[in-house]
Structure formats: C-alpha cells, structure tokens
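Here is a friendly note to read alongside the model. Please keep the 3D view open and find each residue as you go.

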Amino acid sequence: MRIDVWLWAVRLTKSRSVAADLCRSGRVRINGKVAKASASVAVGDRVTWRDPLRDRVVEVVELVPKRVGAPLAAKAYLDHSPPLPTRVEREAVGLRDRGAGRPTKRERREIDKLRGRH
C-alpha cells in the first residue's frame with residue numbers, strides 16, 4: 001500500500017494531496033529511510049515525520065485501503081510520538097525580533113536544543 005494513501009486513510013493528514021506533498025518534501029521516513037509518496041508501507045513499519053508542533057512516530061498495525069472513521073483509524077496504528085509541548089514550553093523558544101535576520105549557526109543550535117531536537 002502506498003504511504004500517502006495510508007496516511008490519508010488513517011486520518012493522519014487532512015487530504016491525500018497533503019500527504020503526497022509531505023512525502024515529496026522528504027519529511028516522511030519509513031524505518032529511517034526517506035519515502036516518496038509511492039513507497040510501500042507494510043504492517044510493522046515505523047513511519048516518522050515532522051508535524052508543525054512535534055515529531056510524529058507511528059507504527060503501522062493495519063493497512064486500510066480506504067478512508068475510515070476516526071475510531072477505526074485509531075486502531076490502524078500505534079502512536080509512539082512524544083507528547084505535545086505545553087504552551088509554556090512553546091513560548092520558551094521565543095520569537096526573533098523583526099529585522100534580526102536569519103539565525104547564526106550557533107543560534108540555530110541553541111534553538112534546536114530548546115526545542116528538544118539534538
């Protein structure tokens with residue numbers, strides 16, 4: 001089964017085109033390898049990608065050929081994602097002042113450290 005279809009069928013993305021764009025951008029990985037939208041996914045595979053708020057890690061439990069309701073979709077995968085950061089944690093990262101330019105390499109490392117990405 002294609003990864004973009006599976007992500008859409010189990011309601012992890014809003015539409016199939018969003019799932020395909022996510023794969024096309026190189027953010028989706030299957031068992032640690034970058035996956036194109038046409039890559040096959042099988043039961044037991046670990047699928048990871050970066051959400052706007054956190055890293056998502058799900059394990060495929062069931063292959064669902066068509067989009068299903070939320071209760072059935074939740075049974076098709078195991079979510080191993082870290083918990084959502086609290087509002088306080090998200091605000092701790094802070095925003096850059098307008099006109100401050102791009103962060104330097106050192107600032108980027110500090111930002112990643114605060115966000116928990118090492």
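**Notes on the buried residues**

1. Let us begin with Tyr77, which is buried, at a relative accessible area of 17%. Here buried means under 20% relative accessible area, exposed over 50% and partly exposed in between, with a 1.4 Å probe and protein chains only. Please note that this is a predicted model, where local features need pLDDT of at least 70 and side-chain atom pairs count only at pLDDT 80 or more, while totals for chains, interfaces and linings use all residues. Residues are numbered from 1 along each chain as its sequence is written, and side-chain values use heavy atoms, leaving out hydrogens and water.

2. Which ring pairs with Tyr77? Searching the whole structure gives one aromatic pair. Its members are Trp6 and Tyr77, with ring centres 6.4 Å apart and planes at 80 degrees, so the pair is edge-to-face. (Rings of Phe, Tyr and Trp, the last by its six-membered ring, pair if their centres lie within 6.5 Å; planes under 30 degrees apart are stacked, over 60 edge-to-face, the rest tilted.) Trp6 sits in helix H1 (residues 3-9) and Tyr77 in strand S5 (residues 77-79), 71 residues apart. Helices (H or I, at least four residues) and strands (E, at least two) are DSSP runs, numbered from the N terminus.

3. Trp6 is buried too, at 0% relative accessibility. The largest nonpolar core has 24 residues, and Ile3, Trp6, Val28 and Val47 have the most contacts inside it. Such a core is a set of buried Ala, Val, Leu, Ile, Met, Phe, Trp, Tyr and Cys residues joined through side-chain atoms within 4.5 Å.

4. Now look at Arg54, in the loop between S3 and S4. Arg54 is buried yet has no salt bridge, and the nearest side chain of opposite charge, Asp79, is 4.4 Å away. A salt bridge needs a side-chain nitrogen of Lys or Arg within 4 Å of a carboxyl oxygen of Asp or Glu; Lys and Arg count as positive, Asp and Glu as negative, with His and the chain ends not counted.

5. Asp4 belongs to helix H1 and is buried, with a relative accessible area of 2%. The side chains of Asp4 and Arg2 are joined by a polar contact of 3.1 Å. That term means a pair of N or O atoms within 3.5 Å; within protein, one must be able to donate a hydrogen and the other to accept it, and residues adjacent in sequence count only if both atoms are side-chain atoms.
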